[in-house]
Amino acid sequence: MLPHIEAYYALSDLSVSLIFLVGPAGYILAASSNALIHTRFGQRGIACAAPVLHLVSAVVLALHPPFPLLLLAFAGVGLGSAWLDGSWCAWAGAMGNANTVSGLLHGSFSAGAGVGPVVAGLMLARERGRGGGGDVGGGEWYSWFWVLAAMSALELVLLPTAFRYENAERYHAQDPSSDDTKAPPSSITSTPLPAPPTTPSTKDLLSHPIILLSSLYFLAYVGTETAISGWIVSFMSRSRHASPYLSSLSSSAFWGGQAAGRLSLGFVSDKLGVRRANVVYLCVAITVQSILAAFTGLPASIAVGLVGIVGFSMGPLYPGGVVLLTQLLPRRLHVAAVSFVGSLGQVGAAVLPFAIGAVVQGVGIGVFMYVIVGLLGLSLGLWFVFLGLKAKEAVGIQDEEEEEADGEEY
């Protein structure tokens, strides 16, 4: 939708990049509120609140208000998505078969992100065929958000139904640091807790270097992922002179590749180990992205296929990082920690695409692919730094947990 919004509101590349800045505002708010919602309402609270916010925001976007209100609606989408992201990622990452479950969770997200641009492109093409306009800004682009409103209404039915029993009491009972987890199962579900656990503060989270290091990795990776999905359509149209259909298809290829990678590479990560596997995935992505940058004369159809391969290799990188983070942290920190690193990841999702917009406006869209190669290299470097501190940090956390357990016994 980026080119259509840019044309409809007569915005520059720099101005339209403000869309990338408002989404992280929701993630930053979610980082401080997600654990609190879990403490008071459990996962059921998230399952109810997030779809409502998605629905309201989608309706506002469909009404195509003035651009400042449009930005506010995008911020609402970001907050709802951040609640779901932090909650469901922590929930999946703590499971025994975490790589598989996380792959299914993130793969479903990527599948939706891949199908969306295709459906939106077909809708816009139909509008242009009816006389809605031949330019990129032609056609009722905002009608797509009515489709998202309908999907949000479905989300409002499905999520509260699926998590209808996951209240605050159930959430506290799953915390191994809670005294109530030592009681028989029947007493857990029938006896109210005397006092709910306090939510971890930002100071608590930052006391673990692993959270700080993983935040930098997620910042670089999510920023790169968002930059590709946000600018690839404009790049294919303006630099590679692809048709509107192939330009839209490039975004779908990226997200479709991510979905396939997340759904199919979970067992590879389990076999190789997530640490080694992510190195392999990043190296493949850097190689293919370098080919895209170096060979400017590639046919648009081949370029779209290579974009799909980049998405496929990048697919497992985010869920793999979340799985490893939850494995190395005590359960009481899972929701807060995943929300925190997710919020910093969204800072990257805002800053990097916005910075690319500034570069594109000053230098030209042709530098886009080279910037992505550099960002993928940065992600690889941060992953190595992340790995270098994992062993020491994990031992420290385990020692703290053992000391707490010993203190309870005495």
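In this predicted model, ring pairs join Tyr8, Tyr9, Phe67, Phe74, Trp141, Tyr142 and Phe145 into a cluster. Across the whole structure, a search finds 18 aromatic pairs. One of them is formed by tyrosine 8 and tyrosine 9, whose rings lie 5.0 Å apart centre to centre with 80 degrees between the planes. The pair counts as edge-to-face because the angle is over 60 degrees.

Tyrosine 8 has a relative accessible area of 37% and is partly exposed. Tyrosine 9 has a relative accessibility of 18%, and it therefore counts as buried, the limit being under 20%.

Tyrosine 9 also pairs with phenylalanine 67, in a tilted arrangement: 5.5 Å centre to centre, 55 degrees between the planes. This pair links distant parts of the chain, 58 residues apart. Tyrosine 9 lies in the loop between helix H1 (2–8) and helix H2 (13–16), while phenylalanine 67 belongs to helix H5 (residues 67–93). Both tyrosine 9 and phenylalanine 67 are buried.

Rolling a probe the size of a water molecule over the atoms shows where empty space is left. A search of the whole structure gives three cavities of 30 Å³ or more, and the largest cavity holds about 60 Å³ of space. Its lining consists of Asn99, Gly103, Arg262, Leu265, Gly266, Ser269, Pro316, Pro319 and Gly320. Helix H6 (98–132), helix H13 (266–272) and helix H16 (317–328) are the elements that give two or more residues to that lining. By class, the lining of the largest cavity has five polar, three nonpolar and one charged residues.

Definitions and conventions. Residues numbered from 1 in each chain as written. Predicted model: local features only at pLDDT ≥ 70, side-chain atom pairs only at ≥ 80, totals over all residues. Heavy atoms only, no water. Phe/Tyr/Trp six-rings, centres within 6.5 Å; stacked < 30°, edge-to-face > 60°. Buried < 20%, exposed > 50% of the residue type's maximum accessible area, 1.4 Å probe, protein only. Helix = DSSP H or I, 4+ residues; strand = E, 2+ residues; numbered from the N terminus. 1 Å grid on protein atoms, 1.4 Å probe; cavity = no way out; pocket = protein on both sides within 12 Å on 5 of 7 lines; lining within 4 Å. Points joined across faces, edges and corners; volume = space filled by probe spheres on them. Nonpolar A, V, L, I, M, F, W, Y, C, P; charged D, E, K, R; others polar.
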